[in-house]
Amino acid sequence: MNAGIIGIGKYVPEKIMTNADFEKILDTSDEWIRSRTGIEQRHIAENEETSDLAYKAAVNALENAGITAEQVGLIIVATVTQDQNFPSVACQIQERLGASNGGAMDISAACSGFIYATTIAQQFINSNSYDYILVVGVEKLTKNIDWTDRNTAILFGDGASAAVIGKVSEGRGILSFELGADGTGGKHLKLDEKQHVYMNGREVFKFAVRQMGESALSVIEKAGLTKEDVDYLVPHQANIRIMEAARERLGLPEEKMSKTIQKYGNTSAASIGISIVDDLEAGKIKDDDIIVLVGFGGGLTWGALAMKWGK
Ligand code: UT7
């Protein structure tokens with residue numbers, strides 16, 4: 001038996017900020033933001049911290065998986081926007097969930113965090129170390145935004161997704177993974193001395209277009225599959241033009257790619273999980289579908305997973 005996602009949940013804060021709201025505070029336009037990024041609105045956490053978002057998504061994932069917090073052997077939270085450096089968000093939610101029978105840690109891989117954390121979880125499940133691992137991708141990047149910088153302020157939204165990783169039935173689950181990093185590109189996407197997101201958009205764009213396509217193709221090959229076998233692509237929701245380039249590289253039609261960026265903006269480590277939840281609800285992902293998850297982000301980091309969906 002193989003490791004796979006046996007339950008998944010999300011949480012986004014209530015407040016919505018539309019492109020029209022940005023027109024009032026920045027020299028930008030709804031037309032520019034939509035056509036250059038695909039974003040129409042994003043959710044903003046006002047009175048909630050990263051750990052609050054993570055906790056709410058985790059509760060939903062545990063319920064969806066049909067397991068209790070006590071059954072969780074390890075909590076892995078992927079985030080670059082912790083409430084504080086320590087204790088970790090994982091320990092904060094461990095307390096609130098009452099997940100008293102296991103370890104808890106945060107990992108830092110920016111927008112690739114969900115792929116990294118799920119891959120780590122897969123290794124522990126496949127080695128029979130744990131029965132269930134709770135993976136959370138969560139970000140409150142709006143606390144690190146310079147609201148006067150139109151290059152970055154319009155891009156990000158807050159949110160969380162969580163998945164329970166456990167054993168799934170024969171043939172289903174995670175088939176292959178790829179993780180990558182290139183620290184030489186770290187300067188293109190980072191927190192500056194004021195703790196604001198700094199981004200060289202064009203450099204990140206070029207890297208992302210190249211890497212998303214290559215990583216997706218790599219996990220397909222590692223799984224012993226071809227592009228034609230892929231039913232659905234869930235790319236990190238950073239920019240619709242980057243996502244479209246990855247989709248075209250795989251030769252998939254439009255309806256076979258997840259697209260939630262218009263509703264949430266770029267939620268970094270949360271985006272892939274949030275997309276899966278919405279796509280399951282919409283019936284776009286079905287049992288036994290071959291799905292490819294692919295992401296990239298600060299570090300620079302990247303990662304991809306191929307899986308056969310279902311418990
Ligand atoms: O998960 C994190 C990863 N980050 C990303 O995925 C970001 C990757 N990069 C991108 O998504 C794109 O590079 C952006 C959306 C950030 C920018 O799009 P672009 O097509 O690369 O635009 P650009 O940076 O080449 O800028 C074109 C023009 C510039 O004006 P000038 O210098 O030509 O006069 C910008 O100042 O657009 C201007 N601009 C804006 N105009 C209106 C930049 N941001 C805005 C804005 N509204 N919000």
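The largest pocket lies between domain 1 (3-167) and domain 2 (173-308), because both domains give residues to its lining. What you are looking at is a predicted model, so treat every value here as computed from that model.

**The largest pocket**

- How much volume does the largest pocket have? Its volume is about 910 Å³.
- The lining is made by 37 residues, and those closest to the centre of the pocket are Asn151, Leu155, Phe156, Met199 and Gly201.
- Several elements give two or more residues each to this lining: helix H2 (30-37), helix H6 (150-153), strand E9 (189-191), strand E10 (197-199), helix H7 (201-222) and helix H8 (240-250).
- Among these contributors, H7 gives the most, with 4 residues.
- Sorted by class, the lining holds 18 nonpolar, 13 polar and 6 charged residues.

**The two domains**

- The domain assignment divides the chain into domain 1 (3-167) and domain 2 (173-308).
- Taken over C-alpha atoms, the centres of domain 1 and domain 2 are separated by 15 Å.
- Where the domains meet, 45 residues of domain 1 are in contact with 45 residues of domain 2.

**The sheet of 5 strands**

- As a reminder, the strands of a sheet pair through backbone hydrogen bonds, and they can do this in a parallel or an antiparallel way.
- Follow the order E1-E7-E6-E4-E5 and you will trace an open sheet of 5 strands with mixed pairing.
- Strand E1 (2-11) and strand E5 (103-107) are the edge strands of this sheet, each pairing on one side only.
- From one strand to the next, the twist averages 20°.
- In which sense do strand E4 (residues 74-78) and strand E6 (residues 133-139) pair, parallel or antiparallel? E4 and E6 pair in the parallel sense, over 5 bridges.
- To find one of these bridges, look for Ile76, whose bridge partner in E6 is Val135.
- Helix H4 (residues 89-97) lies across E4, E5 and E6, and H4 runs at about 130° to E4.

**The sheet of 4 strands**

- This open sheet has its 4 strands in the order E8-E13-E12-E11, and its pairing is mixed.
- Strand E8 (173-181) and strand E11 (232-235) stand at the edges with a single partner strand each, so one side of each has no neighbour in the sheet.
- Here the twist averages 10° from one strand to the next.
- E8 pairs with strand E13 (residues 301-308) in the antiparallel sense, over 8 bridges.
- Along this pair, Leu179 stands opposite Gly303 in E13.
- Which helix packs on this sheet? H7 does, touching E8, E11, strand E12 (290-297) and E13.
- The direction of H7 makes about 150° with that of E12.

- Phe86 and Pro87 are joined by a cis peptide bond, with omega at about 0°.
- You can find Pro87 in the loop between E4 and H4.
- Another cis peptide bond joins Gly299 and Leu300, where omega is about -10°.
- Leu300 sits in the loop between E12 and E13.
- Ala110 is not a glycine, yet its phi is positive, at about 50°.
- Look for Ala110 in the loop between E5 and helix H5 (113-126).

Methods
Residues numbered from 1 in each chain as written. Predicted model: local features only at pLDDT ≥ 70, side-chain atom pairs only at ≥ 80, totals over all residues. Heavy atoms only, no water. 1 Å grid on protein atoms, 1.4 Å probe; cavity = no way out; pocket = protein on both sides within 12 Å on 5 of 7 lines; lining within 4 Å. Points joined across faces, edges and corners; volume = space filled by probe spheres on them. Nonpolar A, V, L, I, M, F, W, Y, C, P; charged D, E, K, R; others polar. Domains from an automatic or database assignment. Pairing = 2+ DSSP bridges. Axes fitted to C-alpha atoms, helices over the stretch in contact; angles between N-to-C directions. Contact = heavy atoms within 4.5 Å.
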